[in-house]
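Dear colleague,

I am handing over the structure below, and my notes on what was found in it follow directly after.

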Amino acid sequence: MLPLRNISLFISLLCHASLLSSLFAKELELGYYSDTCPDAESIVREVMRRAMVREPRSVASVMRLQFHDCFVNGCDGSVLMDETETMLGEKEALSNINSLRSFEVIDEIKEALEENCPGVVSCADIIIMASRDAVALSGGPYWNVKLGREDSLYASQDDSNDIMPSPRANATMLIDLFSRFNLTITDLVALSGSHSIGEARCFSIMFRLYNQSGSGRPDPNMDSKFRNKLDSLCPRGGDENVTGGMDSTPVKFDNQYFKDLVQLRGFLNSDQTLFSDNIRTRKLVKKFSTDQEAFFKAFIKGMVKMGDLQSNRKGEIRRNCRVANNQREDDFLIRVF
């Protein structure tokens, strides 16, 4: 048993850590930049519109960044940081490498904002605004976003590896993951509907096609005609970087994703499992497949809740989203903390 004085010291340190966390966490607000950068949201939307014209898939890729950023130590823009000599970036984490893309769109947004109001808008907030616009520009709902986040001073590849799920994840694993962030089963299913737009690589489904659960056979929870289509797209021994739509309307944000799951035409295992492997998630998949408005409302609620996940670490407003403002200072902080 610890001596009483050690227990008192331990409690004191915990209270001190809690105080520091509350000091670093910022209160998010609607219209946060109305005085300091009033055109911020319209600038983000215009750059996203141009990116969509150049490559429709790019906006879906930008939206994915919110998930991969916010789940790892809160929405702090850490996923955007490049690897350095002293820091392994999250871009190279297992679930991100050769998968996350369209970072150049964030760069373009940041450059436009820096020209208009330098040093004001954080990269973390850019991700939140751009994700919302990706949905709206693709035909989905629009919602107001709370802003005021700061950018992290460093990224953590280890934390990303520990947190982000693989394409092989089943419904139970996903429910457990989302619950860690106070996100409900409804949030999980609705937010999985982000796969209504975008594409994924053959790499992510080869096991489903040819060796599900080590059986040497394809996933039984897959429509046979759809499997034949995927066999042609992703042949054994073929180029695993080839991509396919994650639902049958991959540039339109709608509830087709859920209709596909009901028909056993989900692209990723982590999608199809929501219908095939869990009664609670199956009910929601069925509901959203027939009620697009209910899906949209639940999706907005889930995105707002996910956007509220904050980092409790000291931050800054990065001038370049790929690197901290003072790398030498960051290296010192990494050694200290």
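Does His195 count as buried or exposed? At 17% relative accessibility His195 counts as buried, because buried means under 20% relative accessible area, with exposed over 50% and partly exposed in between (1.4 Å probe, protein chains only).

Please bear in mind that this is a predicted model, in which local features need pLDDT of at least 70 and side-chain atom pairs count only at pLDDT 80 or more, while totals for chains, interfaces and linings use all residues. Residues are numbered from 1 along each chain as its sequence is written, and side-chain values use heavy atoms, with hydrogens and water left out.

His195 is found in the loop between α8 and β4, where helices (H or I, at least four residues) and strands (E, at least two) are DSSP runs numbered from the N terminus. Leaving aside neighbours within four places in sequence, His195 is in contact (heavy atoms within 4.5 Å) with Met246, Asp247, Tyr257, Leu268 and Asp271. The unreviewed UniProt entry places the feature "binding site" at His195; such annotations may be inferred rather than shown by experiment.

For the chain, the secondary structure comes to 15 helices and six strands, and buried residues make up 50% of the 337 residues. Among contacts with a separation of 6 or more, 76% are accounted for by residues 24 or more positions apart.

Best regards
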